[in-house]
Each structure stands twice: as C-alpha cells, then as structure tokens.
Amino acid sequence: MLLALSSSQTPPIRLWDLFSTTKFTEKLNKKIGLYFFYPNFNEELKALEGKTVELRGFFIPLDIQQKSTIILSKYPMAECFFCGGSGPESVAVAHLKNLPSRKLKMDQIITVRGILQLNAEDVEEMTFIINQAEIIN
C-alpha cells in the first residue's frame with residue numbers, strides 16, 4: 001500500500017511500513033484503571049503529522065454510528081487487527097469530509113486523502129487518523 005504527499009514531485013511514501021515502525025509501550029491508564037499499549041512514533045512519522053497524505057487499504061466495515069468514519073486496514077478483514085492477528089499499526093481511521101458517494105463493501109480496496117494525525121494518548125481513538133478525508137478511488 002502506498003501513500004503519496006499531495007505534490008506530484010514528491011516520491012511515494014510507504015505509510016503502512018512507517019506505521020509498522022511504531023513501538024508500543026504498556027502503561028497504566030489511571031483514569032480508566034487498565035493497562036493499554038501507547039505508541040512511540042519515530043521522527044520520520046512525526047514529520048508527516050499535519051500533512052496531506054494518501055492511504056490505500058482494505059475497507060473494514062464496523063458497526064458505528066458515524067457513517068462519515070471509516071476504517072482502513074493494511075490487510076483484509078480476516079487478517080485485520082480486529083479479527084485476525086495483526087497489531088494496531090495495521091489499521092487507520094478516516095474521518096470523511098462528506099458521506100461516501102457509493103456503498104463500500106468489505107475488503108474493497110480504496111484510497112483516502114486527508115490530514116494525518118498521530119494519536120498517542122486517547123485510548124478511545126485509533127493510533128493513526130486521517131482527518132478531513134476524501135475517498136479518491
């Protein structure tokens with residue numbers, strides 16, 4: 001799966017590969033009283049935060065209220081973080097600007113473009129977030 005910055009002069013970046021370099025440390029969340037894995041992002045990934053990126057992956061349907069929120073996975077549903085043995089580095093959430101213009105099917109490969117946000121603290125949200133996202137294919 002490839003990620004490209006919006007400039008056509010910039011070579012593609014392998015965002016899923018960058019996500020996989022994220023190290024996770026188990027820490028106690030005092031507010032909830034449970035241990036969670038918190039990410040430690042490398043400098044290359046931090047440099048992309050706030051930038052427009054493209055991410056191509058498998059659409060994973062989830063039973064969520066927000067139809068403008070979709071999940072992309074590096075792997076198909078049977079192997080994704082929620083159902084298979086993959087880790088949190090293999091999924092991203094995209095918060096769409098607009099509702100999808102077509103019905104998306106499980107494991108359909110799509111590409112989204114939006115602003116990358118890295119989440120190191122909020123255990124209610126995913127680690128990798130694409131905000132103001134648009135489905136571009």
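First, the ground rules. The model is predicted, so local features need pLDDT of at least 70, side-chain atom pairs count only at pLDDT 80 or more, and totals for chains, interfaces and linings use all residues. Residues are numbered from 1 along each chain as its sequence is written, and side-chain values use heavy atoms, with hydrogens and water left out.

Now the overall layout. The protein chain has two helices and seven strands. Helices (H or I, at least four residues) and strands (E, at least two) are DSSP runs, numbered from the N terminus. Reading from that end, the order is α-β-β-α-β-β-β-β-β. Of the 137 residues, 37% are buried. Buried means under 20% relative accessible area, exposed means over 50%, and partly exposed is in between, with a 1.4 Å probe and protein chains only.

Next, contacts, meaning heavy atoms within 4.5 Å. Take those in the protein chain with a separation of 6 or more: 59% are between residues 24 or more positions apart.

On to the core. In soluble globular proteins, nonpolar side chains tend to be buried together. A nonpolar core here is a set of buried Ala, Val, Leu, Ile, Met, Phe, Trp, Tyr and Cys residues joined through side-chain atoms within 4.5 Å. The largest one has 23 residues, and Phe19, Leu45, Leu55, Ile70, Val112 and Leu116 touch the most other members. Elements giving it two or more residues are α1 (15-20), β3 (52-60), β4 (69-73), β5 (91-96), β6 (109-118) and β7 (128-135). Another core lies apart from it, with seven residues, including Ile71, Met77, Met126 and Ile129.

Which residues does Val112 contact, leaving aside neighbours within four places in sequence? Among them are Leu55, Ile70, Leu72, Ala94 and Ile130.

Look at β3. Seven of its nine residues are buried. Strands pair if DSSP finds at least two bridges between them. β3 and β6 run antiparallel, joined by seven bridges. Across that pairing, Leu55 stands opposite Val112. β3 also pairs with β4, again antiparallel, over three bridges. There, Ile60 has Ile71 in β4 as its bridge partner.

Last stop: Thr127, in the loop between β6 and β7. Is Thr127 buried or exposed? Buried, because its relative accessibility is 11%. Leaving out residues up to four places away in sequence, Thr127 touches Phe24, Pro39, Phe41, Pro88, Gln117, Leu118 and Asn119.
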